[in-house]
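Work through these exercises with the structure open. Try each task before you read its solution.

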Amino acid sequence: SSTSTPITATLFPGDGIGPEIAESVKQIFREAEVPIEWEEHYVGEQIDPRTQSFLTWESLESVRRNKVGLKGPMATPIGKGHRSLNLTLRKELNLYANVRPCYSLPGYKTRYDDVDLITIRENTEGEYSGLEHQVVRGVVESLKIITRQASLRVAEYAFHYAKAHGRERVSAIHKANIMQKTDGLFLKVHQLSIVAREVAEKYPDIKYEEVVIDNCCMMLVKNPALFDVLVMPNLYGDIISDLCAGLIGGLGLTPSCNIGEGGIALAEAVHGSAPDIAGKNLANPTALLLSAVTMLRHLELHDKADRIQDAILNTIAEGKYRTADLGGKSTTTDFTKAICDHL
Ligand code: NAD
């Protein structure tokens with residue numbers, strides 16, 4: 001409730017359209033009386049030697065301390081001698097799972113109107129370990145790393161998420177028939193995890209299944225309602241989550257949340273800084289707003305989350321105020337005001 005002590009959350013407005021869409025989030029949170037105080041951090045002007053990146057040490061400490069935050073898009077400056085901003089965040093904060101909810105927006109027509117999927121991507125290893133080398137000329141090798149520890153972490157999170165959000169089924173997506181050792185271990189850890197849970201009778205209601213990735217893609221495109229929560233290794237998660245975004249209208253609408261060590265949650269829009277429309281009051285704040293909603297759900301502020309989500313969806317459904325990417329003529333500020341009115 002609005003009378004309880006406010007929660008401090010880190011906010012990275014980010015680059016390009018970031019500050020404009022972050023302003024929209026701040027305004028709507030104020031209007032809905034969300035008990036959150038933002039601690040704002042911008043990407044630095046120069047490399048911070050303590051992080052080897054344009055991200056300052058203080059900004060990372062802010063996320064570690066608050067354990068919850070919202071991140072706008074960040075444009076990694078080109079040049080040598082520093083790490084990518086997103087990679088720095090992922091490594092420094094150990095953001096091991098990327099969660100992407102994907103549901104049909106009422107009133108925004110696509111081929112499907114019953115999409116309600118959650119993809120959970122292992123975010124730290126797999127094919128993204130960056131271990132590639134040339135064996136001899138004309139032959140290169142890329143190492144796919146799967147560890148029991150990282151697989152268990154993401155498995156535990158997937159079952160926890162399913163339980164916490166009243167979901168019924170977790171599907172582990174894999175190619176263990178070919179990648180017998182790597183995907184094999186990923187599956188084995190998931191099986192052990194669900195068995196442990198059944199024994200403890202912690203989450204007896206959640207069904208578990210395993211689906212080969214090629215078959216999963218076919219089923220998703222044919223009938224997305226066949227799935228509920230999907231959990232998978234890094235590369236598959238990258239591809240499948242974009243496929244899911246395509247089912248509901250594209251990357252401008254889909255939120256995400258990164259889960260890290262020690263219960264950290266860093267929500268972020270999936271899209272980039274959109275330099276072509278930055279500073280023109282044209283950006284669609286929906287993806288960042290829905291990311292902020294996932295952050296509220298992580299904090300179990302479900303009433304506020306529902307209220308804000310309904311206001312966004314009702315504004316889009318009504319169709320009177322839509323930004324240009326959705327075929328409308330509204331500015332970011334008009335669209336934001338319309339959402340406030342729907343609150
Ligand atoms: P982009 O997502 O910024 O833009 C692609 C297209 O989508 C553009 O036409 C843009 O105008 C449009 N678009 C994106 N978000 C929109 C929104 N909210 N409302 C309306 N239109 C929107 O991708 P890009 O151009 O490839 O990348 C630009 C910069 O962003 C690069 O520096 C890249 O490194 C960075 N980037 C950052 C992240 C991140 O921080 N997570 C992700 C992707 C790209």
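**Exercise 1.** Find which residues of helix 1 meet helix 8, then describe the packing of the pair.

*Solution.* The model is predicted.
Step 1: list the contacts. Helix 1 contributes Ile-21, Ala-22, Ser-24, Val-25 and Ile-28, and these meet Leu-288, Leu-289 and Ala-292 in helix 8.
Step 2: sort them by class. This contact has 7 nonpolar residues, 1 polar and no charged.
Step 3: take the geometry. Helix 8 covers residues 286-298; helix 1 packs against helix 8 at about 45°, and the axes are 9 Å apart.
Step 4: name the arrangement. Angles under 35 degrees count as roughly parallel and 65 to 115 as roughly perpendicular. The two helices, helix 1 and helix 8, are therefore oblique to each other.
Step 5: The crossing of helix 1 with helix 8 is right-handed.

**Exercise 2.** Work out how helix 1 is placed against helix 10, and which residues make the contact.

*Solution.* Step 1: locate the helices. Helix 1 spans residues 18-31 and helix 10 spans residues 332-342.
Step 1: read the angle and distance. The angle is about 20°, with 10 Å between the axes.
Step 2: classify. An angle under 35 degrees counts as roughly parallel, so helix 1 and helix 10 are roughly parallel to each other. Helix 1 passes helix 10 in a right-handed crossing.
Step 3: list the residues. From helix 1 come Glu-20, Ile-21, Ser-24, Gln-27, Ile-28 and Glu-31; from helix 10 come Thr-332, Thr-336, Ile-339 and Cys-340.
Step 4: sort them. The contact of helix 1 with helix 10 divides into 4 nonpolar, 4 polar and 2 charged residues.

**Exercise 3.** Helix 10 also packs with helix 9. Decide whether this pair is parallel or oblique.

*Solution.* Step 1: helix 9 runs over residues 302-318, and its angle with helix 10 is about 120°, with axes 8 Å apart.
Step 1: compare with the cut-offs. The perpendicular range is 65 to 115 degrees, and roughly antiparallel needs over 145. Helix 9 and helix 10 are therefore oblique to each other.
Step 2: the crossing of helix 9 with helix 10 is right-handed.
Step 3: Ala-311, Ile-312, Asn-314 and Thr-315 of helix 9 touch Phe-335, Ala-338, Ile-339 and His-342 of helix 10.
Step 4: by class, that contact of helix 9 with helix 10 has 5 nonpolar and 3 polar residues, with no charged ones.

**Exercise 4.** Describe the hairpin of strand 6 and strand 7.

*Solution.* Step 1: strand 6 (residues 132-136) and strand 7 (residues 139-142) pair in the antiparallel sense over 4 bridges.
Step 1: His-133 has Glu-141 in strand 7 as its bridge partner.
Step 2: the hairpin has 2 residues between the strands, and Gly-138 takes a positive phi near 90°.

**Exercise 5.** Characterise the shell around the ligand.

*Solution.* Step 1: 19 residues surround the ligand. The closest are Ala-75, His-271, Gly-272, Ala-274 and Asn-284.
Step 1: by class, the shell has 9 nonpolar, 7 polar and 3 charged residues.

Methods: Residues are numbered from 1 along each chain as its sequence is written. This is a predicted model: local features need pLDDT of at least 70, side-chain atom pairs count only at pLDDT 80 or more; totals for chains, interfaces and linings use all residues. A residue is near a molecule or strand if its C-beta atom, placed from the backbone, lies within 6 Å of it. Ala, Val, Leu, Ile, Met, Phe, Trp, Tyr, Cys and Pro count as nonpolar, Asp, Glu, Lys and Arg as charged, and the others, Gly among them, as polar. Axes are lines fitted to C-alpha atoms, for helices over the stretch in contact, and angles run from 0 to 180 degrees between N-to-C directions. A crossing is left-handed if the near helix is turned anticlockwise from the far one by less than a right angle, and right-handed if clockwise. Two residues are in contact if their C-beta atoms, placed from the backbone, lie within 7 Å. Two strands pair if DSSP finds at least two bridges between them.
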